[in-house]
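Me: I have just opened this structure and would like a friendly tour. Could you take my questions one at a time?

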Amino acid sequence: MESGIFHTTYQADMTLRRTHAQKIRVVLLLLFVIVFPFFADRYLLNLANQVGIAIVGAIGLNILVGYTGQISLGQGGFMAVGAYTTGLLTKIFGIPWYLSIPISCFFTALVGAIFGIPSLRLKGLYLAIATIASQEIILWVVTHWNVVTGGVDALVVPNPTLFGERMNTDFNFYWIIWACVGVTALLTVNLFRTHWGRAFIAIRDQDIAASVMGINLFRYKLLAFAVSSFFVGLAGALIAHYRTIVTWERFTIDVSVLYLAMIIIGGLGSVSGSFFGATFMTLLPAVLTNLGRAVKDYIPVIDSFIPYIQQASFGLVIILFLIFEPEGLRKIWNNIKDYFRLWPFSY
């Protein structure tokens with residue numbers, strides 16, 4: 001009977017996937033991602049693209065909140081920086097879209113580091129208020145800098161093309177988005193196998209003890225804000241080139257709260273939790289809408305209540321998870337895996 005997972009070499013102990021079951025699950029997931037777009041219709045492809053972008057943004061936020069313990073409610077603002085930067089670089093300066101994306105990511109990282117400066121002195125609720133201020137400052141600049149951003153008017157981004165092929169169709173952009181998801185997940189997992197990632201976790205667990213051990217709190221907190229904002233900016237840039245219309249209304253405080261809910265429901269301090277939470281919170285409104293349409297013949301007034309049901313379910317889901325499973329969907333998934341791995345000796 002299996003009584004644990006043991007390794008006889010350092011190489012085996014340091015692998016990302018240590019068991020055959022984990023490797024099989026990764027292969028099955030990759031096969032599903034590759035095969036899915038060839039059988040899905042436009043509606044499902046659009047949902048898959050939304051999920052992919054949400055996963056990138058959720059991983060970025062989880063680096064800061066889940067792994068480093070620095071609360072942030074400025075997600076929408078940093079996504080706006082990434083979206084507007086890549087849009088302006090492409091439209092005004094004529095920079096190719098595939099070069100404007102990494103440039104916008106680095107610029108968003110710089111902006112995130114600047115707004116992360118108060119994190120050395122602020123914690124908890126006070127830091128949350130500071131990040132809300134960053135959200136409002138960014139949106140104020142976007143809506144009032146008419147010469148550059150166009151103010152409250154939408155910024156129209158040129159269609160991304162590659163070898164004469166338009167790339168922002170649902171099918172073509174699917175591959176770009178999910179390639180970014182894979183790279184983001186791989187880089188994040190490996191980040192926390194380095195001394196930088198371990199410093200982030202030490203700051204989250206007890207920043208005073210981390211400082212006593214020689215960790216420069218100011219440097220690593222700013223680095224956490226920068227790395228998190230880099231991936232958040234990537235999510236914003238993907239939205240800009242996918243939708244080709246950038247408007248401040250896509251990046252309000254509601255978006256910041258939504259992404260915070262994603263990582264809470266999925267599981268803080270976990271890349272897989274970001275996958276689960278982003279998928280769940282992105283698909284929930286679509287599922288409720290489809291259920292409403294399915295019962296419309298029996299309950300004709302349901303159409304007028306669907307928006308309210310979606311809002312109520314959003315808050316209800318967060319409350320239920322905080323009460324019954326604070327560790328999120330990742331913990332539920334781990335419980336399921338442990339049950340089958342240890343069955344019939346579940347104790």
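Me: In which loop is the place of F163?
Reply: Helices (H or I, at least four residues) and strands (E, at least two) are DSSP runs, numbered from the N terminus. This is a predicted model, in which local features need pLDDT of at least 70, side-chain atom pairs count only at pLDDT 80 or more, and totals for chains, interfaces and linings use all residues. Residues are numbered from 1 along each chain as its sequence is written, and side-chain values use heavy atoms, with hydrogens and water left out. With that numbering, F163 sits in the loop between β2 (161-162) and β3 (165-166).

Me: Is F163 buried or exposed?
Reply: Buried means under 20% relative accessible area, exposed over 50%, and partly exposed in between (1.4 Å probe, protein chains only). The phi of F163 is near 55 degrees, a positive value in a residue other than glycine. With a relative accessible area of 83%, F163 is exposed.

Me: And T244, is that residue buried or exposed?
Reply: T244 lies in the loop between α11 (217-243) and β4 (245-246). Its phi is near 60 degrees, again a positive value in a residue other than glycine. The relative accessible area of T244 is 12%, so T244 is buried.

Me: Which residues does P158 touch, not counting residues up to four places away in sequence?
Reply: P158 belongs to the loop between β1 (155-156) and β2, and at a relative accessible area of 36% it is partly exposed. Contact means heavy atoms within 4.5 Å. By that test, P158 touches T90 and K91.

Me: Which residues is G277 in contact with, leaving aside its neighbours within four places in sequence?
Reply: G277 is found in helix α13 (residues 271-294). Its relative accessible area is 0%, so G277 is buried. Beyond those sequence neighbours, its contacts are M262, G266 and L329.

Me: How many disulfides does a search of the whole structure find?
Reply: A disulfide is a covalent bond between the sulfur atoms of two cysteines. Here the test is a pair of cysteine sulfur atoms within 2.5 Å. The sulfur of C105 has its closest cysteine sulfur in C180, 8.0 Å away, which is too far for a bond. Across the whole structure the number of disulfides found is zero.

Me: Is C180 buried or exposed?
Reply: C105, at 2% relative accessibility, counts as buried. For C180 the relative accessibility is 18%, so C180 also counts as buried.

Me: How many helices and strands does the protein have, and what is its radius of gyration?
Reply: The secondary structure comes to 15 helices and four strands. The radius of gyration is taken over C-alpha atoms, and the globule rule is 2.2 Å times the number of residues to the power 0.38. For 347 residues that rule gives 20 Å, and the protein comes close to this, so it is as compact as a globular protein of that length, with a radius of gyration of 21 Å.

Me: What share of the contacts between residues at least 6 apart in sequence join residues at least 24 apart?
Reply: Along its principal axes, the C-alpha trace spans about 65 × 60 × 45 Å. Of the 347 residues, 45% count as buried. Among contacts between residues at least 6 apart in sequence, the share joining residues at least 24 apart is 76%.
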